[in-house]
Amino acid sequence: MHRLPLAQIFGFIISFVLISGSFLSCNPPAKNPHSGTEPRFTDQEHYLSLREKLADEDTLMSFESGITLNYLEQSVDRKLVRLRNDMIDNYLAQSFFPPSRYFYKSKDHIEQTGLFKLLGRMPKGGIMHLHSSALCDSWWIVNKAMETPNCYVYWGPDNDQYIKGQLHFYLQGQQPEGFVKTSQLQQQDPQSENKLYDLLTFDNDIGKDSVDIWQEFENIFQRLNGFTYYREIYQPYHKAAFDSLLADGVQHVEIRARLSGGLLYDLEHPKDYYNSDSLVMALK
């Protein structure tokens, strides 16, 4: 899957949370269903005052509440706040609310905002729950698949076993029906690299909701598993992914990795030759 820079995710979340907050209704509740008593709000101003006090108390319990910013950090903080407020004012003036749009329709806009560009230059604490098959840049995968010997891709119609774009490594003559050597496919179809890239990524053509889209994720994982767990690819794949994350300022990565025996393979040993320890040592 095409990896989205973490700064982009931060920018999107910050924009969504902070901008959406300006659209929230501040009308006091009619009644607290849990207490059974009328809320003690004399007017909206009283309600907002108590709400702000509660938010301040909650902030004091956060993990960073004891951090004191130095002069330079305060300067950056003021700039972040100014950029955020300018965005909110601009959106309100245009009746434009980016988070209400499908993500890929707002993606280009988000990447051009001053807030996103500033976040892109800042260090990131970490990225969590990152699937190992979704780590690396998709063009790196496509280029590596085209240049690595014995790499095959299924280029036939989808069936119960294989789907178009599924990558795997085989010895010559041992590939299942429908699999074509990537180097051969490249010679037959000059657009094969772009077509394979499209099968490994999402774009504006994806219009499914969050339930249906998961099947698209599963399809991409199926296309990549036989590629990423090939022994000659496993380590370069992770190194390329980590280099990319480092370039984006990410300092900690939590990978949702499969460490079962039998996943790692090569063309010199029988299936299940490599156990879980082999994967751990390769990552180490």
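Colleague: What is the relative accessible area of His-129?

Modeller: This is a predicted model, in which local features need pLDDT of at least 70 and side-chain atom pairs count only at pLDDT 80 or more, while totals for chains, interfaces and linings use all residues. Residues are numbered from 1 along each chain as its sequence is written, and side-chain values use heavy atoms, with hydrogens and water left out. The relative accessible area of His-129 is 44%, so this residue is partly exposed (buried means under 20%, exposed over 50%, and partly exposed in between, with a 1.4 Å probe and protein chains only). Across the protein, 34% of the 284 residues count as buried.

Colleague: Where does His-129 lie, and what is its phi?

Modeller: His-129 belongs to strand E1, residues 127-131 (helices, H or I with at least four residues, and strands, E with at least two, are DSSP runs numbered from the N terminus). Its phi is near 55 degrees, a positive value in a residue other than glycine. Asn-150 likewise is not a glycine and has a positive phi, of about 65 degrees. Asn-150 sits in the loop between helix H6 (138-147) and E2, and it is partly exposed, with a relative accessible area of 24%.

Colleague: How many helices and strands are there in the protein?

Modeller: The protein has 11 helices and five strands.

Colleague: In what order do the strands of the open sheet stand?

Modeller: Strands of a sheet pair through backbone hydrogen bonds, either parallel or antiparallel. Here three strands form an open sheet in the order E3-E2-E4, with antiparallel pairing (two strands pair if DSSP finds at least two bridges between them). Strand E3 (167-169) and strand E4 (179-181) are the edge strands, each pairing on one side only. On average, neighbouring strands of this sheet are turned by 35 degrees against each other, direction ignored. Strand E2 (residues 151-154) is joined to E4 by three bridges, and Tyr-154 stands opposite Phe-179 in E4.

Colleague: At roughly what angle do the axes of H6 and H10 cross?

Modeller: Two packed helices are described by the angle between their axes and the distance between the axes. The axes of H6 and H10 come within 11 Å and cross at roughly 150 degrees (axes are lines fitted to C-alpha atoms, for helices over the stretch in contact, and angles run from 0 to 180 degrees between N-to-C directions). That makes H6 roughly antiparallel to H10 (angles under 35 degrees count as roughly parallel, over 145 as roughly antiparallel, 65 to 115 as roughly perpendicular and the rest as oblique).

Colleague: Which residues make the contact of H6 with H10?

Modeller: Trp-140, Ile-141 and Lys-144 of H6 meet Ile-233, Pro-236, Tyr-237 and Ala-240 of H10 (contact means heavy atoms within 4.5 Å).
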